[in-house]
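Morning, everyone. I have one structure to show you today, and I will keep it short. Please look at the screen.

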Amino acid sequence: MKSVKKQVLNQVLNQVYYQVLNQVDDQVWDQVWNQVRIQVWVQVWVQARDQVRGQVYDQVRMGK
């Protein structure tokens, strides 16, 4: 009887553990992903902006 109780307890603990782990994992992953996405987006935006600004500046300076 003890071993059955132990098995059930282990199963319940495992389920709870995985549920918590999955929830935390999703939340952490969302946060990390959002931060990374924002950083990448900012970098790309800054590079593109600088590039366009440089091209416009060159065109104006060359009198085109």
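**Surface, shape and charge pairs**

Let's start with the surface. The protein exposes about 6,600 Å². Carbon and sulfur atoms supply 58% of that area. Keep in mind that this is a predicted model.

Now the fold. Helix H1 covers residues 2-62.

Next, the overall shape. Along its principal axes, the C-alpha trace spans about 90 × 10 × 10 Å. A compact globule of 64 residues would come in near 11 Å. This protein has 27 Å.

How much of the protein is buried? Buried residues make up 0% of the 64 residues.

Take Trp33 as an example. Trp33 sits in helix H1. The cut-offs are under 20% for buried and over 50% for exposed. Trp33 and Gln7 are 26 residues apart in sequence. In space, C-alpha to C-alpha, they are 37 Å apart.

On to charges. The protein has 8 positive and 5 negative charges. Their mean positions are 7 Å apart. Side chains of opposite charge can pair when their charged atoms come close. How many salt bridges does that give here? The count comes to two.

Here is one of them. Asp50 and Arg49 meet through their side chains, at 3.9 Å from N to O. The cut-off for a salt bridge is within 4 Å, so this pair counts. Asp50 has 39% relative accessibility, so it is partly exposed. Arg49 has 35%, so Arg49 is partly exposed as well.

Now Asp58 and Arg61. In this salt bridge, the closest N and O atoms are 3.5 Å apart. Both residues lie in helix H1. They are three residues apart, about one turn of the helix. Which partner counts as exposed? Arg61 does, because its relative accessibility is 56%. Asp58 has a relative accessible area of 32%, so Asp58 is partly exposed.

Note on methods:
Residues are numbered from 1 along each chain as its sequence is written. This is a predicted model: local features need pLDDT of at least 70, side-chain atom pairs count only at pLDDT 80 or more; totals for chains, interfaces and linings use all residues. Side-chain values use heavy atoms; hydrogens and water are left out. Helices (H or I, at least four residues) and strands (E, at least two) are DSSP runs, numbered from the N terminus. Buried means under 20% relative accessible area, exposed over 50%, partly exposed in between (1.4 Å probe, protein chains only). The radius of gyration is taken over C-alpha atoms; the globule rule is 2.2 Å times the number of residues to the power 0.38. Accessible areas come from the Shrake-Rupley method with a 1.4 Å probe; for residues, only the protein chains shown count as cover. Lys and Arg count as positive and Asp and Glu as negative; His and the chain ends are not counted. The place of a charge is taken as NZ of Lys, CZ of Arg, CG of Asp or CD of Glu.
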